[in-house]
Amino acid sequence: MLCHRHVIAVLALLLLVSTSVVPRVAQAEPSESYSKQRPNILFIAVDDLRPELHCYGASHIVSPNIDRLARTGVRFDMAYCMVSVCGASRASLMTGIRPTPRRFTSYLTRADKDAPGIKTMNTHFRQHGYYTVSLGKIFHVPADNADGWSEKPWRPSGVPPYRLEENMRLHRQRQRQHRRKRGPPYEAADVPDEAYADGQLAQHAVDVLERLAKRDEPFFLAVGFFKPHLPFVAPKKYWDLYDFETIDLPPNHEAPKDAPAVSLHNSGELRAYAGVPAKGPIPRELARRLIHGYYACVSYTDAQIGKVLAALERLGLDENTIVVLWSDHGWNLGEHGLWCKHCCYETSMRIPLIVRAPGKQQGVSSFALVETIDLYPTLCEAAGLPLPQHLEGKSFLGLLDDPKAAHKSAAVGRYGRGDTIRTHRYRFTEYRNGQGKLLGTMLYNHVDDPDETVNIVKQPELAETVAELAKQLSQIKGKDETVTAESK
Ligand SMILES: [Ca+2]
C-alpha cells in the first residue's frame, strides 16, 4: 500500500521528470537498510586523463561537461593515484589497499590475483544491496572480481581502433609483425561519435541508466571511458576545436636538472605506434600533433560524459546520485622529455577528481591531499555502509561539506622502483632495487618549482627536510604484510 508521503513524492516526481519516464514507486515500506533512500553512485573512470581541463584552469581545453560537473560538485586540486599505470592503479583503488613493489605493479594487474580474498568496492556494495554494473574499462581485465557485479561487465565489442582504412591496414600489418606494434598514434576521421568505442559506451550507459531508474535497489554504475588513452583517435570535429598553430611543447620538456636516470624512461608505450622513432626525442612536429590529438580525445570523452550526465538529470536521478569522476593516473605530454605515464613525477601521479553529492558543497575546490584509495571508504561512508577492515585509505566525505577541513598530511604512491610522497610543498621520491639498496632520490619544491625542473635533493640546507620526508614515506608506503584478507 502507498502511504500519503509516497503519493505526494510520486506526484512531485511526475511533475519534475519527463513523462516518458516511469518513476520508481516503492512497493512497500523501504526494507530496513537496503532501501532506495541510499544514494545511487555513478562512478566515472577516464583512462589516462590528466587534470588539464578547463575547470582546472586550463582555459585552452574544451571540456564543458566536466566543467559543469565541477560547478555542481567539489573539485579536488591535489588528488593522486596510487601507482601510475592502468591495471595496477585500478586494482589499488578498487581494493582500497596500497601498491607495493610486489603488489599492483603492471598495466595487466588483476586485483583478484594480486590481492586474493580482498573484498573490492563493487563486491562490497553488491553485498549491501546495491545493484552494481560495470560498463567499459573499470578493472583492466573484465573478468577481475566479476562476481562483484550484478551483471556481466559490458564493453563495446568489435569496434576497430581506427576508422580510416589506411590506418587499420597499417595497424593489422604491424600486429602481424609483432603483437605489441600498433597503427598510427592518432587519427582524425570525419565520423560520428559512435564510430569509436566511447561513443558506443555513452549510448549504452544511457540505456542502462534508463533501466536502472526502474529498479528498486540503489545502483552503483561504473562507466569507464577508454580515451584519452593512446591512440589519440577522435572524430575530426573534436580536433577542430583546437588550433594546431597555437600548440607547442611544454616549457619543461627537458629532463629536470640533476634528476636520477632511474626516474626517466624511453616512453615505450608511445614507441609501439607507427611513425614514432624507436629512441631519441620525439620530433617537435610529431609532439605537437600528439598534444593536439590528446586534447581532441579529452573533448571527445568530455562530450560522451555529458551524454551520461544529461541522462541522469533527465531521469530525475541526479537528486539522489553521487557522481564521482576520476582518472587512473596522469599523463606526460612531453614534460621532462617524457610521454605516457609510468613514472613518479607530478604529471604522472596527479589526477582530476570531482565528486558531486546531494546536499554537499557545489562549485568549490579543495586543496586537501587525497589519494585514490580514499574513494572506497568515502563512498562507503556516503552510502552508510560499514568499512571493511582491510581498507588503507581514509574517507574524505567531510571535505564535501568543508573543503578546507583537515584530511591527510601526504599522498604516497609509487611506480616501478620508485616510492614517492607529495606534501603540500614537496614531492620527494626514492628509488630502490629489489634488495632495498637506494638507487637515487629526488626532491622538488612545488611552491618554487611547480614544473619540477630542478632536483634539489642534495642541497645541504634541505637535509633535514629530506630525512623527514623519507621517514614519512617509509611509514606510509604500502607493506605487503599489513593486509589481512577478508572472506568474500
Ligand atoms: Ca590508464
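These notebook entries record what I looked up in the predicted model, first for a helix pair and then for a sheet.

**Basis.** I number residues from 1 along each chain as its sequence is written. As the model is predicted, local features need pLDDT of at least 70 and side-chain atom pairs count only at pLDDT 80 or more, whereas totals for chains, interfaces and linings use all residues.

**Entry 1: α7 and α10.** I took helices (H or I, at least four residues) and strands (E, at least two) as DSSP runs, numbered from the N terminus. I looked up helix α7 (residues 197–212) against helix α10 (residues 284–314): they pack at an angle of about 10°, with axes 9 Å apart. Axes are lines fitted to C-alpha atoms, for helices over the stretch in contact, and angles run from 0 to 180 degrees between N-to-C directions. I therefore note α7 and α10 as roughly parallel to each other (angles under 35 degrees; over 145 is roughly antiparallel, 65 to 115 roughly perpendicular and the rest oblique).

I then looked up the contact residues, among them L201, A205 and L209 of α7 and Q304, V308 and L312 of α10. Contact requires C-beta atoms, placed from the backbone, within 7 Å.

I also checked the length of α10: at 1.5 Å a residue, its 31 residues should span 45 Å, and its end C-alpha atoms are 45 Å apart, which agrees. The expected span is 1.5 Å times one less than the number of residues. Just after α10, G316 takes a positive phi of about 70°.

**Entry 2: the sheet around β14.** I found an open sheet of four strands in the order β13-β14-β15-β16, with antiparallel pairing. Two strands pair if DSSP finds at least two bridges between them. The edge strands, β13 and β16 (438–445), each pair on one side only.

Strand β14 (residues 418–422) pairs with β13 (residues 411–415) over five bridges, and T420 is the bridge partner of G413. In the hairpin of β13 and β14, G416 takes a positive phi near 55°. β14 also pairs with β15 (residues 426–432) over five bridges; D419 stands opposite E430 and G418 opposite Y431.

**Entry 3: burial of β14.** I find five of the five residues of β14 buried, so the strand is largely enclosed by the rest of the structure. Buried means 20 or more other C-beta atoms within 10 Å of a residue's own, exposed 12 or fewer, and partly exposed in between, with C-beta atoms placed from the backbone. G418, T420 and R422 point one way from β14, and D419 and I421 the other way.

**Entry 4: α13.** Helix α13 (residues 463–476) lies across β13, β14, β15 and β16, running at about 65° to β15.

Definitions and conventions. Two residues are in contact if their C-beta atoms, placed from the backbone, lie within 7 Å.
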